[in-house]
Amino acid sequence: MLRENFNDLIYLVMVARECSFTRAAAKLGVSQSALSHSIRGLEERLNTRLLTRTTRSVAPTEAGENLIQSVAPMMADIEKALLQLADNQGKPSGNIRITAGEHALSSTLWPLLKPFLQAYPEVNVELSVDNTLTDIVSGRFDAGVRLGESIEKDMVAVRIGPDWKMVTVASPDYLQKHGIPATPYELQNHNCINMRLPTLGGLYSWEFSKDGKDIRVKVEGQLIFNNLASRIDAVLAGMGIAHVPEDTVKQHIANGELQCLLEDWTEPFSGYYLYYPSRKQHTAAFEKLIEAIKYKG
């Protein structure tokens, strides 16, 4: 009976984890109909309903949850043993899930991951782009990437990138019409392109620093975005002043499309960090990832 039920139990755990037959089928590489048939067969053999299905969601019944809680740790142990066997043969393999903000991904993480993935073709990496302060434990992520100052104390943090800074920019056309602000406080008299913070639901207060003094300025304007690319497009179109990572507009500044403002009020951040739970045991694949992307500057 164990051999007959083993695959079905794996399918059950995956459906419960994903809360969706569609996502579970995609991850397992089987059709939704085959997955549904497998779960129904398991329920019939056990004479117990294991999942509650609606048109919008899937959730374990009480019996299903009890079964999943019993078998999931054993399956995790089996998967770990198989991964360790592959690791011992010099072929790190497995799946790694990472969450990162859009700028962290494009500027730092993705350039580091490309050579790593080419070197270890048996390692699969799933990247989730999310500008919120994601809880990597509840989200079932292996790691996340964010600025060091915002990482919880119970996490291990590994620096993966150099210092970088935000810059305040506007198009020459906008500045010709509206003037150039001499201090951050004068931004309150300008049309500023704002950013919505998804975690708090509020607008980002622009941060400046000079001679050891840090200030935050709440600005106003006609446009609010929750993504970086749109803010850059708007400032290039002369729609106002923007506060964005320097590397994303460096070329636009060099070719004269944008002008940098308040440069003496700008100081760098300490770069991005990969962070992960301190108590979690990791596979050789994850250890190789850390080794490959650790900042060596």
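This is a predicted model: local features need pLDDT of at least 70, side-chain atom pairs count only at pLDDT 80 or more; totals for chains, interfaces and linings use all residues.
A polar contact here is a pair of N or O atoms within 3.5 Å. Keep that in mind for S20, whose side chain has a polar atom 3.1 Å from the backbone nitrogen of R23.

**Around S20**
- You'll find S20 in the loop that links α1 (2-18) with α2 (21-28).
- S20 counts as buried because its relative accessible area is 11%, under the 20% cut-off.
- Besides R23, the S20 side chain also gets to the backbone nitrogen of T22, at 3.2 Å.
- Setting aside neighbours within four places in sequence, S20 is in contact with V15 and V58.

**Helix α5**
- Helix α5 covers residues 102-119, so to speak 18 residues in a row, and spans 24 Å from its first C-alpha to its last, close to the expected 26 Å.
- There's a kink of about 50° in α5 at L109, shortly before the proline P111.
- The buried residues of α5 are H103, A104, L105, T108, L109, L113 and F116.

**The nonpolar cores**
- The largest nonpolar core has 40 residues, and the ones touching the most other members are L109, V145 and L274.
- Look at V145 and, leaving out neighbours within four places in sequence, you'll see contacts with I98, T99, A100, G101, A104, L109, I160, Y272, Y273, L274 and Y275.
- Another core, of 19 residues, lies apart from that one, and M14, V15, L51 and V71 are among its members.

Key
Residues are numbered from 1 along each chain as its sequence is written. Side-chain values use heavy atoms; hydrogens and water are left out. A nonpolar core is a set of buried Ala, Val, Leu, Ile, Met, Phe, Trp, Tyr and Cys residues joined through side-chain atoms within 4.5 Å. Buried means under 20% relative accessible area, exposed over 50%, partly exposed in between (1.4 Å probe, protein chains only). Contact means heavy atoms within 4.5 Å. Helices (H or I, at least four residues) and strands (E, at least two) are DSSP runs, numbered from the N terminus. A polar contact is a pair of N or O atoms within 3.5 Å; within protein, one must be able to donate a hydrogen and the other to accept it, and residues adjacent in sequence count only if both atoms are side-chain atoms. The expected span of a helix is 1.5 Å times one less than its number of residues. The bend at a residue is the angle between axes fitted to the seven residues ending there and the seven starting there.
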